[in-house]
Amino acid sequence: MNNSTSNGTNVPEAKSAMNRFKMEVANEIGVPLSDGYNGNLTSAQAGSIGGNMVKKMIEAQEREMANR
């Protein structure tokens, strides 16, 4: 049986950290994301949050690899 949540995290701390990260990115790009239901967002707004999250994660990984 798979107990993962919809975002694929099994560790509550990881889910919490991803939610904080998502809110931070949404705030930075001006998307009105709130806790709970966000059905008022357009597909473009929701996609921009995810896209910017991935961009930031890649940049962080590249910095880490450069510092090795």
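What follows is a short chat about the structure shown above.

Visitor: What kind of model is this, and how are residues numbered?
Guide: It is a predicted model, in which local features need pLDDT of at least 70, side-chain atom pairs count only at pLDDT 80 or more, and totals for chains, interfaces and linings use all residues. Residues are numbered from 1 along each chain as its sequence is written, and side-chain values use heavy atoms, with hydrogens and water left out.

Visitor: How many helices and strands are in the chain?
Guide: The chain has 2 helices and 0 strands. Helices (H or I, at least four residues) and strands (E, at least two) are DSSP runs, numbered from the N terminus.

Visitor: What does α1 reach from its first C-alpha to its last?
Guide: α1 has 18 residues and spans 26 Å, close to the 26 Å expected at 1.5 Å a residue. The expected span is 1.5 Å times one less than the number of residues.

Visitor: Which residues in α1 are buried?
Guide: Phe21, Val25 and Ala26 are buried in α1. Buried means under 20% relative accessible area, exposed over 50%, and partly exposed in between (1.4 Å probe, protein chains only).

Visitor: Where do the buried residues of α1 fall, seen down its axis?
Guide: They fall within an arc of 135°, so they line one face of the helix. The arc is that of the directions from the helix axis to the C-beta atoms. An α-helix has 3.6 residues a turn, so residues three or four places apart point the same way.

Visitor: And what covers them?
Guide: The cover over the buried residues of α1 includes α2. On the other side of α1, Pro12, Glu13, Arg20 and Asn27 are exposed.

Visitor: What comes just after α1?
Guide: Gly30 does, with a positive phi of about 80°.

Visitor: Where is Ser34, then?
Guide: Ser34 sits in the loop between α1 (12–29) and α2 (43–66). Ser34 is partly exposed, at 35% relative accessible area.

Visitor: What is Asn38 in contact with, neighbours within four places aside?
Guide: Asn38 is in contact with Pro32 and Leu33. Contact means heavy atoms within 4.5 Å.

Visitor: Changing topic: what share of the chain is buried?
Guide: Buried residues make up 15% of the 68 residues.
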